[in-house]
Amino acid sequence: MDSYFITGATGFIGCALARRLAESGARVRCLARPNSNRERLKNFNVEFVEGDLDDMNALAKGVEGVQGVFHLAGLTREMKSGDFMRVNCGGTLNLAQICARALRRPVMVTVSSLAGAGVGVKADALSGETQERIYEGKRRRRETDAPRPISPYGRSKFAAENNLQQLANELPITVVRPPYVFGEGDVASRQLYVMAKKRGNFVIPGWRDRHYSFVYVEDLVDVLIAAMRQGERLTTTSLTPVADPRSATPVCSGKGIYFATAPDPILFSEYGKIVGRAFGRKGARVFRVPPVGVLGAGVVGEVRKAWFKSAPAVDLNKAVEALSGPWICSAAKTEKELGVAISPDLESKFRRVALWYENQGWLN
């Protein structure tokens, strides 16, 4: 029987992965904090190990005897400076070191982020890239592009990847970088659907409408499982930048790294219009928030964190990411090497998620 350990299994993506593996008959063990909400996994045959990424005993118990480890736990918002590095980078290193010491070393598949790699790459005429489709002057980022994260969150994800690279000779590791993940159970995107349904409104940060790559959560799960079974593994130089005589920008080998994305990026405004159509509207009225307004919201978010100890929807990290872009990546390597061809039909998936929110009463 296949056996796996999952960190972050009570979260949005981890829950979808744990359910899929449990339904396939695998033995699934999940790391969970004592106060975590396990409701969505209560009807599935999973075992819980209480602890967090700082608890080396809990990690060792989770890893013991399994053939694979899926690492999804991490922070997307930090309450105080340094939290991203402590959890996303330090926690990843803790888990990898435990895996490397195990009697039966498992394969480790870790979920990073497009934010750890950076925005789209300026097309280079020297290498003929101008013939590729261009979005706001840039092409889709590939695994061989040297990472250039622009936000604290992105830098923490890239730092985690660098730590894993150092252990590549001791442990088989594969990194999967999703872009914007959407799907049933996603709390972070709920408010966008609420606005589209109740008011027919959709907000765009900044004056410029940018392209985004998206991936449906069930498609991401397909990629994670394929990466575990047949993915390329990291080497100690996977992320090491080298000069490319055909290009003005540095490249890296990108071995053991995959983007998980639908093939075609869409404008953020189109995302809103699709969600609006899912609720029977002709679309959604798009409102643009000036950059100063986005940054102002980020500052207010930082004040809320400092004074009220609550996580705001927007902080400076999110504001910087929202005003940057395009956030686009290529599906080519994943399709070729893992055999996972994600359907370009985003509209039916957005519609499915919108109806799920509605049926669950999340839009009231």
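## The R86–D83 salt bridge

The side chains of R86 and D83 form a salt bridge with an N to O distance of 3.7 Å (a side-chain nitrogen of Lys or Arg within 4 Å of a carboxyl oxygen of Asp or Glu). Both sit in helix α3 (residues 83-101), three residues apart, so about one helical turn separates them. Helices here are DSSP runs of H or I with at least four residues, strands are E runs of at least two, and both are numbered from the N terminus.

D83 is buried at 6% relative accessible area, while R86 is partly exposed at 43% (buried is under 20%, exposed over 50%, partly exposed in between, with a 1.4 Å probe and protein chains only).

This is a predicted model: local features need pLDDT of at least 70, side-chain atom pairs count only at pLDDT 80 or more, and totals for chains, interfaces and linings use all residues. Residues are numbered from 1 along each chain as its sequence is written, and side-chain values use heavy atoms, leaving out hydrogens and water.

## Other salt bridges

The whole structure has 21 salt bridges. In one of them, K42 pairs with E39, the closest N and O atoms being 2.6 Å apart. K42 is exposed at 54%, and E39 is partly exposed at 45%.

E358 and K197 also meet, at 3.1 Å from N to O. That pair links distant parts of the chain, with E358 in helix α11 (residues 346-359) and K197 in helix α5 (residues 190-198), 161 residues apart. Shared partners then tie D54, K80, D83 and R86 into one salt-bridge network.
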